[in-house]
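Here is my note on the structure. Please read the points with the coordinates open.

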Amino acid sequence: MSRPKLLALLGVGLAAAALAEEPRPLAIVIHGGAGVIDPAKMTPERAASYRAGLAAALDAGYAILERGGTSLDAVMAAVRIMEDDPQFNAGRGAVLNHEGDAELDAAIMDGHGPRAGAVAAVRHVKNPVELARLVMEKSPHVLLVAEGAEEFALEQGVALLPRGYFRTEGRERELEEARRAESERLHAASLPGSGTVGAVALDAAGHLAAATSTGGLTDKHRGRVGDSPIIGAGTYADEACAVSGTGQGEFFIRQVVAYDLCALVEYRHLTVGAAVREVIHEKLRHTGGEGGVIALDRNGNIAMDFNSVGMFRAARDSRGRRDIAMYRDAR
Amino acid sequence: MPAKNSASAPRYALAIHGGAGAAPRAQLSPEHERRYRTGLEAALDAGFTLLERGGSALDAVAAAVHLLEDDPCFNAGHGAALTRDGAAELDAAIMDGRQMRAGAVASVRHVRNPIELARRVMEKSRHVLLVGAGAEEFALEEGLPLVPNHYFRTAERLEQLEAEQRGRHVSDLMPAAAGTVGAVARDGDGNLAAATSTGGMTNKRPGRVGDSPIIGAGTYAKNGVCAVSATGHGEYFIRAVAAHHVCAAVEYRALTLEQAVRELLHEILAALGGDGGLIAVGARGRIVMDFSTEGMFRGARDSSGRQEIAIY
């Protein structure tokens, strides 16, 4: 049987089951990046501030689902809030490249369709996830990069901002440190890419969506694109599974992490939890890649896992779950 | 281990494509057909000679794609399709199935052989994908000379762009999106590799990136499973994560390579409304070439004596 037919049948079966029992589950899961700050350096104030940022994004996304909104709107709202929050490595407060500029990547995917949009290496767009959505909805394309993507933004009436908007003192300091470390050849020791943001959601219609946004790596080469805007690598959603990743993007691209995880769920019939474990703790670790993912299936099963020190993450669903955590022990 | 039946298990194999969506048979003049066949043959032989001498799959796919980039018949490198601004913007990727290393570039305008730059990204940088001006800066850092954009432009591509912009889809040479080039190979040590290079769609928006440089979409290789290079309507191949889909179907569902390719092209992409084609080589050197368009410029050669060039 073809995959679309199989999925359609599954959908009918699940819809019947849902009618007979409880209302369809709603769920949203977000991350604010893997490889977070060394626990020893995390002050109570900083921890509270990160938690507040995650909570704001989580609850804004969930409120959309509760009102009957789409998973696509929910993931976009959550990611946009984190893009605007300078604590996270996306939008304002993104890490800086070797030249000292923020260069931003984002993707969004609607599992119902499936449709997708992405942008990479943009330098003047306040909310890259919104531009990614415009690429999906207003262009025949999936991925636009650099100046061409910004030209499209202008055509769509999206205002461009000066590069200074994205730069924060904290990120400038990090770039200085990275440059020093590079010259001392210690660079490999630091985990790049921490702070990428992402969200996956399941709405009342049973549709999944995923979105990811990032500034990439501190001190990255100009033009470097990581996994976040690559459909199948850092972002993926179909009718059965949605994933957003964070970590060492090059490893995520080579292993096509997000799609591989969904393929394990769909073809090997693993639970999302088991698929996430296999991808993060076996496959990714085996190649030396560090990072984490959040994933959600069509029944609202949530998985969040990482092989780094920690991962800023949060989840909320219609069964009453609401967690926000940073380290392994759910702190 | 020597294969008992050499016809079913070639030691090494190479397949190449010069794009799906070939012009309707009636429109391709014998003269044009001869040019395409000559170009495909030269690329196939160059790559295959390397494999015969014990060279790696990676070197073979790079050599084949390099020649196709230099051939103005094909939509890659010299002779690439032009953007709506009349410039060439090139994308390419290469993947080594041995360690699953990969390199890619997108939206470069001044690099003579994008496949060579993609290989440098894989071998000389910490990254997988570099785009735009940043990718060209890396080219300069690597000592690759840049060429003016008009190096890529040919009279035929300009004509196509003008026809497209006048709203006429016709071209008696080749349709707008066709001509992407690619190669997949298995070498004598069992290593797999894939490479793809393209100018994308005629009249495309500057900055548009298709599936060719996206690892898992247009290009993918994993030892023990398969290597894939795709061509066609890139947006659909990206959404379907086409190249990785084929490998996942082989690895997780134990489909044959033929079945996996057929399902992708004729069921999944067909349901989405996207057409195109792809070439793949399996872990044991089996070559599959399939397409949902009228034709696909393609060639295949292996150590058990298979040798073919075909369009329809």
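**Notes on the predicted model**

1. Start with the contacts. In chain A, 68% of the contacts with a separation of 6 or more are between residues 24 or more positions apart. Bear in mind that this is a predicted model.

2. Next, composition. Chain A contains 9 helices and 13 strands. Of its 331 residues, 58% are buried.

3. Confidence comes next. Chain A has a mean pLDDT of 91. A pLDDT of 70 or more is reached by 89% of its residues. One stretch needs a flag: residues 186–193 of chain A have pLDDT below 50. In the model, this stretch still has 19 contacts beyond near neighbours in sequence. Where pLDDT is low, predicted coordinates should not be read in detail.

4. Now a helix pair. Helix α8 of chain A spans residues 257–267, and helix α9 of chain A spans residues 272–287. Their axes come within 9 Å and cross at roughly 135°. Because of that angle, α8(A) is oblique to α9(A). The crossing of α8(A) past α9(A) is right-handed.

5. Which residues of α8(A) and α9(A) make the contact? From α8(A), they are Val257(A), Asp260(A), Leu261(A), Leu264(A) and Val265(A). From α9(A), they are Val272(A), Ala275(A), Val276(A), Glu278(A), Val279(A) and Leu284(A).

6. Last, the make-up of that contact. Between α8(A) and α9(A) there are 9 nonpolar residues and 2 charged ones. The contact has no polar residues.

Notes. Residues numbered from 1 in each chain as written. Chains lettered and ligands numbered in written order. Predicted model: local features only at pLDDT ≥ 70, side-chain atom pairs only at ≥ 80, totals over all residues. Axes fitted to C-alpha atoms, helices over the stretch in contact; angles between N-to-C directions. Helix = DSSP H or I, 4+ residues; strand = E, 2+ residues; numbered from the N terminus. Parallel < 35°, antiparallel > 145°, perpendicular 65-115°, else oblique. Left-handed = near helix turned anticlockwise from the far one by under 90°. Contact = placed C-beta atoms within 7 Å. Nonpolar A, V, L, I, M, F, W, Y, C, P; charged D, E, K, R; others polar. pLDDT = per-residue confidence, 0-100. Buried ≥ 20, exposed ≤ 12 C-beta atoms within 10 Å, placed from the backbone.
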